[in-house]
Amino acid sequence: MGPENRADGLVWTSVALEQIILETGSSGDISVGAINVESSAINKIPGLTRTKLRISAATNEELQETLSNIEQI
């Protein structure tokens, strides 16, 4: 089953993460820290999905720039 046939939170979390990484041009590290789905079936049932990102950078200035870029997406 391809992503075009899925309606769960994992697909859109991955799409959003890819967009964030590509559009921010971050030189730091961006990864998923946690994913919570209200229905509690992360890869089966669509539901409100909340994702916590882990973002790191070499300097505070780079971190603030990445955060600012994410807010604009």
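**Contacts and elements of a predicted chain**

Q: Which residues does G33 touch, not counting residues up to four places away in sequence?
A: A contact means heavy atoms within 4.5 Å. This is a predicted model, in which local features need pLDDT of at least 70 and side-chain atom pairs count only at pLDDT 80 or more, while totals for chains, interfaces and linings use all residues. Residues are numbered from 1 along each chain as its sequence is written, and side-chain values use heavy atoms, with hydrogens and water left out. Leaving out residues up to four places away in sequence, G33 touches K52, L53 and R54.

Q: What distance separates the C-alpha atoms of G33 and K52?
A: G33 lies in strand β1. Along the chain, G33 and K52 are 19 residues apart. Their C-alpha atoms are separated by 5.2 Å.

Q: Does G33 count as buried, partly exposed or exposed, and why?
A: Buried means under 20% relative accessible area and exposed over 50%, with partly exposed in between (1.4 Å probe, protein chains only). The relative accessibility of G33 is 41%, so G33 counts as partly exposed.

Q: In what order do the elements of the chain run from the N terminus on?
A: Helices (H or I, at least four residues) and strands (E, at least two) are DSSP runs, numbered from the N terminus. The chain has 2 helices and 2 strands. From the N terminus on, their order is α-β-β-α.

Q: How far apart are the end C-alpha atoms of α1?
A: The expected span of a helix is 1.5 Å times one less than its number of residues. Because α1 has 16 residues, α1 should span 22 Å. The model agrees, with the end C-alpha atoms of α1 separated by 22 Å.

Q: Which elements do the buried residues of α1 pack against?
A: The buried residues of α1 are G9, V11, T13, L17, I20 and T24. These buried residues pack against β1, β2 and α2 (60-72).

Q: What distance separates the C-alpha atoms of G47 and A7?
A: G47 is in the loop between β1 (29-37) and β2 (49-56). At 34% relative accessibility, G47 counts as partly exposed. G47 and A7 are 40 residues apart along the chain, and their C-alpha atoms are separated by 8.7 Å.

Q: Which element of the chain has the highest mean pLDDT?
A: pLDDT is the predictor's confidence in each residue, from 0 to 100. The mean for the chain is 80, and 84% of its residues reach 70 or more. Among the elements, helix α1 (residues 9-24) has the lowest mean at 84, and the highest, 89, belongs to β2.
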